[in-house]
Each structure stands twice: as C-alpha cells, then as structure tokens.
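Hi everyone, thanks for coming.

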Amino acid sequence: MIKRPAPSEYPSFYKGYVDNVKTDNIIKELRDQVLDIQAIISTIPEDKEEYVYAPGKWTIKEIIGHIIDTERVLGYRAMRFARKDKTHLPGYDENEYVAKANFNKQTLYGLSHEFAIVREANLALFKVWDEEALSQVGVANNLDVSVRALLFMIAGHATHHMKVIKTKYLNE
Amino acid sequence: MKRPQSSEYAAFYEGYISLVKNENIIKGMQDQILDLQSLISNVPNDKEDHAYAAGKWTIKEVIGHIIDTERIMAYRAFRMSRKDKTQLSGFDENAFISNSNFNDRTLYDLAHEFALVRESNIALFKSFTEEMINEIGNANGKEISVRALLYIIVGHTIHHMNVVREKYLCD
C-alpha cells in the first residue's frame with residue numbers, strides 16, 4: 001500500500017489538492033475517479049457545456065481540458081522522477097495552455113474519453129512502481145516534489161475542479 | 001497532413017522519419033498498435049527476456065523503450081502545440097531503462113501499456129489544427145516541429161520493431 005505523502009514531499013501550495021484525497025490507496029482513487037468524472041459529465045445539460053458563470057472563467061469543456069493538461073504535465077514529471085532523472089522540469093502557464101487549445105470545438109464526450117485514456121495510460125505506469133520509485137524526489141517549477149505526492153496531486157487536482165463544476169456550473 | 005520538411009527536425013531523426021510511409025500519420029499511429037501487438041504475439045516465451053548480445057536490451061526492454069520515447073516525444077508535441085517556447089530537456093534512454101523494471105513485467109502488460117499510451121496521444125493529436133501541427137519548439141537543444149515529432153514517434157517505433165524482427169526473432 002502506498003503511504004500518503006508527508007507535507008515535506010510537496011510545496012505547501014499543493015496541500016489543498018493532496019488533502020482532497022481521502023484514501024491512502026491512490027491507485028484505486030485514480031481508477032475510481034475515471035468513473036466519478038464520467039458520471040458528473042453525464043449530468044451536464046447540453047446548454048451548460050460552453051457556459052461560464054462569470055466573464056473570463058473557463059467553460060466546462062475548458063475545465064475538463066485543463067484537468068487533462070494537468071494530468072499530462074504531472075504524469076510526465078512523475079515518470080521522469082521515478083526513473084531517478086534529476087533534470088529540473090519547467091512549469092507551465094495553465095491559462096495560456098487553455099487559450100491556445102481548442103477545447104470548446106471538441107465534444108464533451110470526446111474530452112471525457114480523452115481524460116479516461118490519459119488516466120489509464122498513466123495508471124499503466126504508476127501501478128508498477130515500487131516503494132523506491134514512489135519515494136523519488138525531483139525538481140519541477142523550481143520546487144522539490146516526490147513521485148508519491150505527484151500521484152496524490154493528480155487525483156486531488158481533478159477532484160478540486162469537479163467540485164467547482166458541481167457548485168459553480170451545476171448549482172448543486 | 002503533409003510530411004515534415006527536412007528543415008523541421010535535426011538530421012539525426014532523418015532515419016526514423018524516412019521509415020514512415022503513411023500519408024495519414026494519425027492512421028499510421030492507429031495501425032501501429034495492431035502491428036506491435038501482432039509482432040509481440042510472435043515472440044516465443046523463451047525470447048521475452050533474451051538479449052541478442054551482452055549489454056543489449058531484452059525484448060521487454062525494447063518495448064519499454066518504445067513507450068518511454070513515445071511519452072517524451074508526445075509531451076514535447078503537446079507543449080509545442082500550445083505555442084510554449086520553453087526549451088525542453090532530452091532524456092538518457094539507457095538510464096531510463098536501467099531505472100525501470102520492464103523485465104519484471106509480462107510482455108502482454110507492456111503491449112497493453114503501449115496501446116493505452118498511443119491511444120491517449122492519438123486523442124490529443126487528432127484535435128490538432130494545421131496551425132498547431134506547424135508549431136516549432138526546442139527540445140534537447142534543437143528546433144523541431146510538432147509535425148516532425150508525430151512522424152518521429154511512428155518512425156522510431158518502426159525502427160525498433162525492425163530490430164526485434166531482425167536481431168531477436170531471426171531464427
């Protein structure tokens with residue numbers, strides 16, 4: 001069983017995301033989330049797909065796109081660090097990435113499918129890691145972070161944005 | 001999609017790109033999932049952990065290296081397609097293999113991982129506009145286009161599948 005990351009394993013900025021994960025079994029959490037997110041997406045009415053609750057906010061399609069972008073970036077960091085790669089990895093500008101993508105031209109089904117397959121591709125990698133790989137620490141965006149913490153951040157970040165969709169877009 | 005011009009990639013990659021015969025690179029990527037699974041299905045049990053010479057990778061490690069390279073190249077294409085001009089670092093392919101555990105896994109599991117990684121990349125690449133495909137970024141100190149990266153992903157896989165056929169399954 002994978003241990004929860006200690007606060008020393010990630011920048012304090014990420015604490016909210018890590019705390020969103022209520023289980024220690026992060027692999028199961030990452031798997032269950034595929035179904036959870038698809039379930040939420042299935043409740044989104046057609047007229048809300050490109051709705052924004054305030055000017056300048058992302059649409060629901062863009063939020064799903066941002067979840068996928070972040071999964072690609074954090075999954076990549078985890079892969080390199082698990083292989084004991086000490087290269088300092090760059091951050092990314094999440095707003096620019098959404099602005100330069102074309103998520104609103106895609107279907108919500110297509111984005112939901114892409115999320116699931118990106119998550120599965122990452123799980124295929126994460127599930128084989130041993131304690132040594134999970135405990136590796138690397139530098140991303142100038143800050144130290146462990147592989148274990150990255151896995152919790154991936155899940156907790158997706159949970160955060162799905163909560164925003166529920167509260168701000170679907171008024172649940 | 002047009003083929004990349006030789007000005008769109010470092011000369012080092014010419015060998016990989018010239019192996020790609022497909023007019024439609026997305027279809028080439030889809031077909032290759034089946035090609036690789038077909039090749040793997042022909043690997044006898046006793047060859048899975050076999051290396052044809054001292055210090056060479058096993059077939060499992062070759063498949064692992066194909067997956068590693070796909071993850072790296074696709075990540076570059078992803079960032080560059082968003083007009084990100086950050087200089088991206090290279091990777092030490094041998095250290096990546098020696099710091100992984102491909103030989104402890106089944107060939108089936110590795111074939112499955114290859115398919116998932118490829119599918120996840122196709123989901124991204126097929127959404128690319130012509131403008132995104134034309135973007136140029138910098139990786140490992142060299143300029144490269146998104147289009148060239150897609151061709152390199154396919155050509156690099158063909159190269160290693162050819163090596164498996166010629167050096168590992170030749171008897």
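Predicted model: local features only at pLDDT ≥ 70, side-chain atom pairs only at ≥ 80, totals over all residues.

Let's start in a loop. Asn142(A) sits in the loop between β1 (137-140) and β2 (143-146) of chain A.

Why start with Asn142(A)? Its phi is near 70°, which is a positive value in a residue other than glycine. For background, most residues other than glycine have a negative phi. Is Asn142(A) buried or exposed? It's exposed, with 10 other C-beta atoms within 10 Å; the cut-off for exposed is 12 or fewer.

Now look at the two strands on either side. β1(A) and β2(A) form a hairpin with 2 residues between them. In that turn, Asn141(A) also has a positive phi, of about 55°. If you'd like one pair to find on screen, take Val139(A): its bridge partner in β2(A) is Asp144(A). As a reminder, strands of a sheet pair through backbone hydrogen bonds, either parallel or antiparallel.

There's another residue in chain A to look at for its phi. Lys84(A) has a phi near 65°, positive again, and it isn't a glycine. Where is Lys84(A)? You'll find it in the loop between α3 and α4 of chain A. Lys84(A) is partly exposed, with 17 other C-beta atoms within 10 Å. That count falls between the cut-offs, as exposed needs 12 or fewer and buried needs 20 or more.

On to the helices of chain A. Find helix α2 (residues 26-42) and then α5(A): their axes come within 10 Å and cross at roughly 175°. So α2(A) and α5(A) are roughly antiparallel to each other, given that angles over 145 degrees count that way. Who's touching whom? On the α2(A) side, the residues include Ile27(A), Leu30(A), Val34(A) and Ile41(A). On the α5(A) side, Leu108(A), Phe115(A), Leu123(A) and Phe126(A) are among them. By class, this contact divides into 10 nonpolar, 2 polar and 2 charged residues. Arg31(A) and Arg119(A) are part of the contact too.

Let's cross over to chain B. Its secondary structure comes to 7 helices and 3 strands, and along the sequence the pattern goes α-α-α-β-α-α-α-β-β-α. The radius of gyration is 16 Å, close to the 16 Å that the globule rule gives for 171 residues, so chain B is as compact as a globular protein of that length. Along its principal axes, the C-alpha trace spans about 50 × 30 × 25 Å. Buried residues make up 42% of the 171 residues in chain B.

What about the strands? The 3 strands of chain B form an open sheet in the order β1-β2-β3, with mixed pairing. β1 (87-88) and β3 (142-145) stand at the edges with a single partner strand each, so one side of each is left without a neighbour in the sheet. β2(B), residues 136-139, pairs with β3(B) in the antiparallel sense over 4 bridges. Within that pairing, Asn138(B) has Glu143(B) in β3(B) as its bridge partner. α3(B) packs on the sheet, touching β1 and β2 of chain B, and its direction makes about 135° with that of β2(B).

Last stop: α3(B) has a helix packed against it as well. α3(B), residues 59-81, and α7(B), residues 146-168, pack at an angle of about 175° with their axes 9 Å apart. They're therefore roughly antiparallel to each other. From α3(B), the residues include Val62(B), Ile66(B) and Met73(B), and they meet a set in α7(B) including Leu149(B), Ile153(B) and Tyr168(B). By class, that contact has 15 nonpolar, 6 polar and 2 charged residues.

Note on methods:
Residues numbered from 1 in each chain as written. Chains lettered and ligands numbered in written order. Axes fitted to C-alpha atoms, helices over the stretch in contact; angles between N-to-C directions. Parallel < 35°, antiparallel > 145°, perpendicular 65-115°, else oblique. Contact = placed C-beta atoms within 7 Å. Nonpolar A, V, L, I, M, F, W, Y, C, P; charged D, E, K, R; others polar. Pairing = 2+ DSSP bridges. Rg over C-alpha atoms; globule rule 2.2 N^0.38 Å.
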